[in-house]
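Please prepare a short report on the model shown below.

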Amino acid sequence: MAIKLDYVARETATNLTRNVTLTLASILTVVVSLTLFGSAVMLNQGVNNANDRFKGGIEFIVYLQPTSSQDQKDSIQRDLEANPDVREDGITYVDQDETYEEFKRLFGESPQLVETVTPEILPPSFRIAPTVQDPDIVQALGQQFEDKAGVYDVVFAFEVVKRIQETFNKIGVRFLLAAVLLLVAALMLILNTIRVAMFARRREIEVMKLVGATNWFIRVPFIVEGIIQTLLGAAVAVASMTFVIRPFIDELSQDKVLPIFQGFEVTDGNLVFTNLLVVAVATVIGAIGSAVAVSRFLDV
Amino acid sequence: MIKLENVTKAYKNDVTALNEATVEVEKGEFVFLVGASGSGKSTFLRLVNKEESPEIGRIFVAGKDIATLSSWKVPYLRRNIGSVFQDFKLLTNKTVYENVAFALEVIGRPRHVVKTQVPAILELVGLAKKVGNFPNELSGGEQQRVSIARAFVNRPLILLADEPTGNLDPATSVGIMRLLDRINRTGTTVVMATHDRSIVDTMRRRVIELDRGSIIRDQSRGVYE
């Protein structure tokens, strides 16, 4: 049995224009839910990219007592050099003068604070890049130095990273939750739009069944209608993600007042992936919504 | 052509619509189903084109047991059965031509078939001049002719008519019966449920009488009662 393309196109067009308000409502819901969903995905990608940057650099810092002796320092340096988990070129010693310069740079806007500090009271430190990036191994490695003579403290970079990641995961989860709720709403709206479309055409459907039109012949225009609605929504969502959300994230990553966003990056690949995902989700939602409507309310 | 073997159909509210009915209709026959409202006439027709399925018994249409017919094959069964109703079931937003063409289009008939078959059948039912009219511009008799044209345009083996003259005056009904008779003479089996005593008594065809779901009379060249 051949389902004619022009027939499906004609029927779908009629259906879409028949219930303009309901169709628009479901399309708008799809737009909002997919944009939220896509933003959550992109935010997550941005956080991951930021973390990757962190990982390339220093993983932990061993701060020495300002009063530590040269012997203690040499002993720790030997231990670090002998440790197979520490990269050969991954040991940088920062002495008190350099630490003071860094301090002045970081707190340059608070001259009073800088004035109270002298190089002698600041801790020299080893900045360490390990060979592995697994947080557990890095932590175990760093802790070996915590109790050594002359060590003031060991600070791990991934603790900061973890904090950022946890914060954004929390935001992302809430975004996703809202997106899922809206997607369910979109699904139900699609279902109802199709149901109304079928109700409007119940006489035709009755005749079609009577003269022996196959079930799929009757169903296909309605399912196509559902998918077209979600795809129209997806098109708007993709546009807003490409031209609004992504530039916004880029802007945030340049923001000097909110350094937490620094290093955030959404690559072109990320954007394409997210957009494809959004289109895929849209297709699935449209297909499921209309298929459920067709199977529940079209008794064929 | 149609055979029922011990067919029982009961609805959920314990109404027995058909009770152990056994009957056979040969190819090319013209059969009247008579009986009071609720005697099972419509159920008989609905069972034959599988709008309903029986609880017990077997039904054969054109040699095939339709009780075991899978649901996706039902449309193909219905392509061999034309249906006509008391309320015509025409699509009000389509013209006479479109109503008839619709029946061919939705079963995937090619356009050139539609273009030749539809005018031919409308000529046969006497509506060649009304092809562009909408159903609400036609009389009841004309609307029923459109509905018969739609049922017959695909040249089905069987025509089921459920009180086709129920909404029409006697003179118009005679015209409709002439048309059904003419269709019957082309070899199409016609089964018609009716309350119209004068039609049954005039036509003198086979009469099957139902009473509360049971066949109580089966008479060739019969009368209404």
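## Interface of chains A and B

The contact, defined by heavy atoms within 4.5 Å, draws 25 residues from chain B and 18 residues from chain A. This is a predicted model, in which local features need pLDDT of at least 70 and side-chain atom pairs count only at pLDDT 80 or more, while totals for chains, interfaces and linings use all residues. Residues are numbered from 1 along each chain as its sequence is written, chains are lettered from A in the order in which they are written, and side-chain values use heavy atoms, with hydrogens and water left out.

About 1800 Å² is buried between chain B and chain A, 58% of it on carbon and sulfur atoms; buried area is the accessible area (1.4 Å probe) lost by two parts on being put together, summed over both.

## Salt bridges

A salt bridge requires a side-chain nitrogen of Lys or Arg within 4 Å of a carboxyl oxygen of Asp or Glu. Over all chains the structure holds 20 salt bridges, and 1 is found across the interface of chain B and chain A. B:Lys89 pairs with A:Glu206 in a salt bridge, with the closest N and O atoms 2.9 Å apart.

Within chain A, A:Glu101 and A:Lys104 form a salt bridge at 3.8 Å, N to O. Both residues lie in helix α4 (residues 96-106) of chain A, 3 residues apart, about one turn of the helix. Helices are DSSP runs (H or I, at least four residues), numbered from the N terminus.

## Helices α9 and α10 of chain A

The axes of helix α9 (residues 215-254) of chain A and helix α10 (residues 268-297) of chain A come within 8 Å and cross at roughly 155°. Axes are lines fitted to C-alpha atoms over the stretch in contact, with angles from 0 to 180 degrees between N-to-C directions. The crossing angle therefore makes α9(A) roughly antiparallel to α10(A) (over 145 degrees).

Note on methods
Helix = DSSP H or I, 4+ residues; strand = E, 2+ residues; numbered from the N terminus. Parallel < 35°, antiparallel > 145°, perpendicular 65-115°, else oblique.
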